[in-house]
Amino acid sequence: MNFCALGNRILLAGILIVAVAGAGTGPVSAFELFGVKFFEGDGDGNDDVIGVPQPYDVEFVESGDRDVDGALKGASALWTDRDEPAAGAAGLVTKARGDYRNLLATLYSQGRYGGAISITIDGREAADLPPDSEFSETAAVRITVSPGPLFPLREAEIVNQAPPPVEPDDEVALPRDEGFASGEIARSGRILRAERLAVEAWRQQGYAKAEAAARRVAAVHDADVVDARITIEPGRRAVYGPTGVRGTERMDPEFVRYMTGLPQGQEYDPDDIEHSTDRLARLDVFRSLRIKEDAEIGADGELPLSVIVQERALRRIGLGGTFSTLDGLGVETYWLHRNLFGRAERLRLDARMSGINSVDPRDYNYRLGATFTRPGVFNPDTDFVTSLIGDREVLDVYTRNGVALESGLTSRFTDDITGRVLATGRYSLFEDPVFGKREFVSAGVLGGIVWDARDNPADATEGYFAEFVAEPFYEFNYGNPAASFTLEGRAYYGFGEEDRIIAAARLKFGSLVGPSIGEIAPDRLFLAGGGGSVRGYGYRNIGVITPGGAIVGGKSLIEGSVELRARFTETIGAVVFADAGYVDASSVPDFSGDLKIGVGAGLRYNTGLGPIRFDVAVPLNRGAADPSVAFYVGIGQAF
């Protein structure tokens, strides 16, 4: 049997030597490891020849190590594509040549540098075959891999390693903590990662052009060990130079430069570049953008930068919808202008109609709103936002017509933490079966802070989310001061292969301090129930039960949800869930009422922008007005 095998000693670096034992040393596909190409093709162009489909049967001779065999099979195109014919005889030869590369790289990734690989087609070593070879009607392919022993690192040295950083934000994992240390298995990925970490450690401390000047990795076969030495050339410390802007059409280049937040003369930090790119992307004005560093640091230590952008269309229109058997159909649309005056000022107009479950339009909910946002006030991370919203809300517990105005600032403090401070004003006219018609006029200040450490806000698989909102306000018609507080937390944990199982949980608390329920606007009181709250119950239909049996809002709220989400394919998933909610008449709940619990299951279809959800829920302790089962359709996870 002919093997493409590794000889007695391999040097992996600029001087890497590969000794091939056995008869076969013919041309195969090239691949690169540690900057060196293996099995480079002969360049005759025959690799591209495609003929009549060539069926083949493949036998993978297993080594007896399940983990090794599984990784090798996963890397072999001949094995993974075995149910489909190759693109002619030449295509089969090309695929086999590629498998030498794939299998050898897999062995190196496991720290096995003494292995041997044989791939035969109709009994002939694939490395010896010309592209115009002829095979039997169904070619017999045999793959044999002798993995060889694991090679530990005998020497693992970083020359010119960066000193410990002064700033905590500049810390980079040490290569030895990531497996680049004497005695650890010499996996190729660990060695390459050690080089990246060593370079990044210098870059984090202002050395923008740090690079690996030399890399010597030697596999010593008579001792089954690897010696590795990586030499880093840090170069010069850099500060930001002038920032140029290219590609703007309607955007003000000076404003784009300001929004980068990279003042000339400040020490270079690659994290700053990443944050600047994210900040510019959040403007939602650019179809593409990148911040390019000049190739050289100037004599004065300055590194010039270039912001290269391509702008989006100015206007955008969106549509959306929801449906549940309890709340009916909901439809919404918006119109957005991204760049009113050349500094990414946004104007968004929204229209929504929901609760469409009867023929009388007076029973529907309506909402019209306009929001203006001006980014970059005071500093690049602070926006001015003002909005005006008029709406009509028809619930079982009340009917409201009102107007609300908000105006203030939002700011991003870190990648995960944002805050807002807004002045608020409201006018509302209510009609409900308990208190009749009432009018409320209020003004206040709303402050909120959000910590969002989820990996994907639209469909999280891991991370945390927390939000705290406080709004002190004064109601003029009744002459009452009051304050509302809410605190919500969410957690997500993925487990199983590729995080296909997700455990998610949500907990929310609310409290309102102030006058009696009869002198507070009903929409400021707490109600629970519905698709984003306690599924299985009507929308905002869980509240305080009056002596007459009517439902009104309460002054405190506790809500919780747990979900177990599973992904069966890239697009299809399912969930099981339980929701619970409690509303109390006092600011601090005494739990004298009933805890409402709903359970159910649902399907998810991932669109790439977020899942479409279909949920079925039943209330466990339903009241007279509660359904026996409820269905929900919407976009995005429930939380």
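Which side chains meet in a salt bridge at 2.9 Å, N to O? Select Arg535 and Glu563 and you have the pair. A salt bridge here is a side-chain nitrogen of Lys or Arg within 4 Å of a carboxyl oxygen of Asp or Glu.

Before going on, some housekeeping. You're looking at a predicted model, where local features need pLDDT of at least 70 and side-chain atom pairs count only at pLDDT 80 or more, while totals for chains, interfaces and linings use all residues. Residues are numbered from 1 along each chain as its sequence is written, and side-chain values use heavy atoms, with hydrogens and water left out.

**Stop 1: around Glu563**

Stay on that pair. Arg535 sits in the loop between strand E26 (501-513) and strand E27 (544-545), and Glu563 in strand E29 (residues 556-567), so the contact ties together parts that are 28 residues apart in sequence. Helices (H or I, at least four residues) and strands (E, at least two) are DSSP runs, numbered from the N terminus.

Are these two buried or exposed? Arg535 is buried, at 1% relative accessible area, and Glu563 is buried as well, at 4%. The cut-offs are under 20% for buried, over 50% for exposed and partly exposed in between, with a 1.4 Å probe and protein chains only.

**Stop 2**

Colour E23 (residues 436-452) and E24 (residues 463-475): they pair antiparallel over 9 bridges. Two strands count as paired if DSSP finds at least two bridges between them.

Pro472 has Ala483 as its bridge partner in E25. E24 and E25 make a hairpin with 4 residues between them, and Gly479 in the turn has a positive phi of about 70 degrees.

Carry on from E25 to E26, an antiparallel pair with 13 bridges.

Finally, E26 pairs with E29 in the antiparallel sense over 11 bridges. Click Ile501 and you'll find Ala566 of E29 opposite.

**Stop 3**

How many salt bridges does a search of the whole structure find? The count is 41. For one of them, select Lys95 and Asp81, whose side chains meet at 3.3 Å, N to O. Lys95 is in helix H3 (residues 88-109) and Asp81 in the loop between helix H2 (77-80) and H3, 14 residues apart. Asp81 is partly exposed, with a relative accessible area of 32%.

Then select Asp391, Glu393, Arg400, Arg426, Asp523 and Arg540 together: salt bridges link them in a network.

**Stop 4**

Select E13, E14 and E15. These 3 strands form an open sheet in the order E13-E15-E14, with mixed pairing. Strand E13 (239-246) and strand E14 (286-293) are at the edges, each with a single partner strand, so one side of each has no neighbour in the sheet. Neighbouring strands are turned by 20 degrees against each other on average, direction ignored.

E14 and E15 (residues 302-311) run antiparallel, joined by 7 bridges, and Glu293 has Leu305 as its bridge partner in E15. Now show helix H6 (residues 270-282), which packs on the sheet and touches E13, E14 and E15. Contact means heavy atoms within 4.5 Å. The direction of H6 makes about 160 degrees with that of E14; axes are lines fitted to C-alpha atoms, for helices over the stretch in contact, and angles run from 0 to 180 degrees between N-to-C directions.

**Stop 5: Ser182**

Zoom to Ser182, in the loop between strand E10 (153-159) and helix H4 (188-204). Ser182 counts as exposed, at 55% relative accessibility. Leaving out residues up to four places away in sequence, Ser182 touches Leu153, Arg154 and Ala156. For a sense of scale, draw a line to Asn379: 197 residues away in sequence and 48 Å in space, C-alpha to C-alpha.
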